[in-house]
Amino acid sequence: MSNRITRAKLISLITALPIAGAASTAVAAAADDSSGTKAQLKYQVKPGPGGKKCSGCALFKPPAACSVVKGKISPNGYCIAFAPKAK
Ligand code: SF4
């Protein structure tokens, strides 16, 4: 059996390269989605106006997650989607 690559196989490998590049770009964009959401909701790691912070928000999921902001967040953080916990 020969280890030589056929012309047809070589052409198919070369034409597949841009597709693989596009797929890896899409995966990278998906992995970066959490920072986009943080940016969109203006998440910050410090309390907001009036001392509002994630630990007092109904959307906070202890110890460090949120229902709307993807990725790890701080209990002392804040974003514009803040919704006070029911008292
Ligand atoms: S919605 Fe905003 S303020 Fe509320 S827990 Fe999530 S990041 Fe914090």
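Reader: Before we look at details, which element of the protein chain has the lowest confidence, and which the highest?
Author: Happy to start there. This is a predicted model, in which local features need pLDDT of at least 70, side-chain atom pairs count only at pLDDT 80 or more, and totals for chains, interfaces and linings use all residues. Residues are numbered from 1 along each chain as its sequence is written. With pLDDT being the predictor's confidence in each residue, from 0 to 100, the protein chain has a mean of 75, and 59% of its residues reach 70 or more. The lowest confidence is in helix H1 (residues 7-31), at a mean of 41, and the highest, at 98, is in E1.

Reader: How many contacts beyond near neighbours in sequence does the stretch 9-32 have in the model?
Author: Two residues are in contact if their C-beta atoms, placed from the backbone, lie within 7 Å. Where pLDDT is low, the predicted coordinates should not be read in detail. Over residues 9-32 the pLDDT is below 50, and the number of such contacts is one.

Reader: In what order do the elements of the protein chain run?
Author: Helices (H or I, at least four residues) and strands (E, at least two) are DSSP runs, numbered from the N terminus. The protein chain has two helices and two strands. From the N terminus on, the order is α-α-β-β.

Reader: Which residues are closest to the ligand?
Author: Here a residue is near a molecule or strand if its C-beta atom, placed from the backbone, lies within 6 Å of it. The shell around the ligand holds 13 nonpolar, one polar and no charged residues, where Ala, Val, Leu, Ile, Met, Phe, Trp, Tyr, Cys and Pro count as nonpolar, Asp, Glu, Lys and Arg as charged, and the others, Gly among them, as polar. Of the 14 residues that surround the ligand, the closest are Cys-54, Cys-57, Phe-60, Cys-66 and Cys-79.

Reader: And which residues form the largest nonpolar core?
Author: A residue is buried if 20 or more other C-beta atoms lie within 10 Å of its own, exposed if 12 or fewer, and partly exposed in between, with C-beta atoms placed from the backbone; 13% of the 87 residues in the protein chain count as buried. A nonpolar core is a set of buried Ala, Val, Leu, Ile, Met, Phe, Trp, Tyr and Cys residues joined through C-beta atoms within 7 Å. The largest one has 10 members: Tyr-43, Cys-54, Cys-57, Phe-60, Cys-66, Val-69, Ile-73, Tyr-78, Cys-79 and Phe-82.

Reader: Is Lys-42 buried or exposed?
Author: Lys-42 lies in the loop between helix H2 (33-40) and E1. Its phi is near 55°, a positive value in a residue other than glycine. Because Lys-42 has 11 other C-beta atoms within 10 Å, this residue is exposed.

Reader: What does Gly-48 touch, not counting residues up to four places away in sequence?
Author: Gly-48 also sits in the loop between H2 and E1, and its 17 C-beta neighbours inside 10 Å are why it counts as partly exposed. Its C-alpha is 8.6 Å from that of Ile-80, although the two are 32 residues apart in sequence. The residues touched by Gly-48 are Lys-53, Tyr-78 and Phe-82.

Reader: Which residues does a cis peptide bond join?
Author: Look at the loop between strand E1 (60-61) and strand E2 (65-66), where Pro-63 has its place. Omega is about 5° for the bond in question, and the residues joined are Pro-62 and Pro-63.
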